[in-house]
Amino acid sequence: MTKVSIGVTVYNVEKYLRECLDSIMRQTIDVIMVDDGSTDNSFNICQEYAARDDRFKLIHQENKGRGQAGAKNTCLRYMTGEYVTWVDSDDVVDDNYLEKLLEVQEKTGADIVRCVRKYIRNGNVYFVKGYEDGFINTDGIFDLSLKTALENVLDHTLGTLEFWGELIPRKLYRGVTLSEGIIHEDQGNKLKLYFQSKKNVMTLEQLYSYRLREGSIMDSFREGKNLLREKLYDLKVSTFNWNKLMYYVDVADYKVEELREAYIKKLDKLSAEVNLGEEDNKIYREAINKQKQKLQRYWNM
């Protein structure tokens, strides 16, 4: 059996795709590339790598709509590895990315092993300084409890909602289908994996380079927006994530009251931190209060 299958979903990323696939080629893996109906040269680039290296398998499909869920579901159908990891097609992984994740998994016996990301902007790589200072860790490995992972959905500092940058046993994906036709296909679906896992850890090494770029799926939804509209859009995205979190918390009956209180406190914090003009401030705070009141009615708080 292949040790690790890497899933790469591809849509119109010809500018960055070769750098991504070159970094993956230096790993010891099985690669499933799903071209989700690209209209640029991305499919031809994928064909080039499939021809050069028989570890690269290429599947082409018609675009499944917003988000990457349709392509990820196709990847999962063809993966054969004992473990699964995902790399976004405009990102880059270090040469020892898989080696380190497998090393940590063997050392800890964890189901989910996550690494820290660094950033690529305009061709330059930026490391996060002082990242380790906030973590009580042993030999650079942080014990990521389920409670910590779920609470982080509210602050989003650890990236526990995203699929990229993690090593997860393929068996944890049994019965998991990502929600197609939405942008945030990670949300909710990823929480299922955490509830099924017995132990989660995070290595504090920055092994994954996350690219900040114009023209991404998320960036396209912000195009032409003023600051208030952007704030309202971000609020909509965040509450979508948080509502999904609370749905799975309720289903699992896991620390429901604690996480409800944390959600309300997060909304209060957003309202206090807003820095807009007087009229825009009022509109933004009204949107937050509307969400807060809806939750309190629903939860009888």
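## A walk through a predicted model

K190 is buried, with a relative accessible area of 0%; buried means under 20% relative accessible area, exposed over 50%, and partly exposed in between, using a 1.4 Å probe and protein chains only. Before we go on, note that this is a predicted model, where local features need pLDDT of at least 70, side-chain atom pairs count only at pLDDT 80 or more, and totals for chains, interfaces and linings use all residues. Residues are numbered from 1 along each chain as its sequence is written, and side-chain values use heavy atoms, with hydrogens and water left out.

What does K190 pair with? The side chain of K190 meets that of E166 in a salt bridge, 2.7 Å from N to O. A salt bridge here is a side-chain nitrogen of Lys or Arg within 4 Å of a carboxyl oxygen of Asp or Glu. K190 sits in helix α6 (residues 189-196) and E166 in strand β9 (residues 166-169), so the pair ties together parts that are 24 residues apart in sequence. Helices (H or I, at least four residues) and strands (E, at least two) are DSSP runs, numbered from the N terminus. E166 is buried too, with a relative accessible area of 0%.

By this rule the model has 18 salt bridges. Among them is the one between D94 and K118, whose closest N and O atoms are 2.8 Å apart. D94 lies in the loop between β5 (92-93) and α4 (97-108), while K118 belongs to strand β6 (residues 112-121). At 22% relative accessibility, D94 counts as partly exposed, whereas K118 is buried at 4%.

Leaving aside neighbours within four places in sequence, Q206 is in contact with D94, V116, R117, K118, F127, V128 and Y131; contact means heavy atoms within 4.5 Å. The side chain of Q206 reaches the backbone nitrogen of V128 at 2.9 Å.

Now for the nonpolar side chains. A nonpolar core is a set of buried Ala, Val, Leu, Ile, Met, Phe, Trp, Tyr and Cys residues joined through side-chain atoms within 4.5 Å. The largest one has 53 residues, and Y263 is among those that touch the most other members. Helix α8 (residues 227-252) gives the most to this core, with 7 residues. A second, separate core of 32 residues includes L21, I45, Y97 and V104. In soluble globular proteins, nonpolar side chains tend to be buried together.

Definitions and conventions: A polar contact is a pair of N or O atoms within 3.5 Å; within protein, one must be able to donate a hydrogen and the other to accept it, and residues adjacent in sequence count only if both atoms are side-chain atoms.
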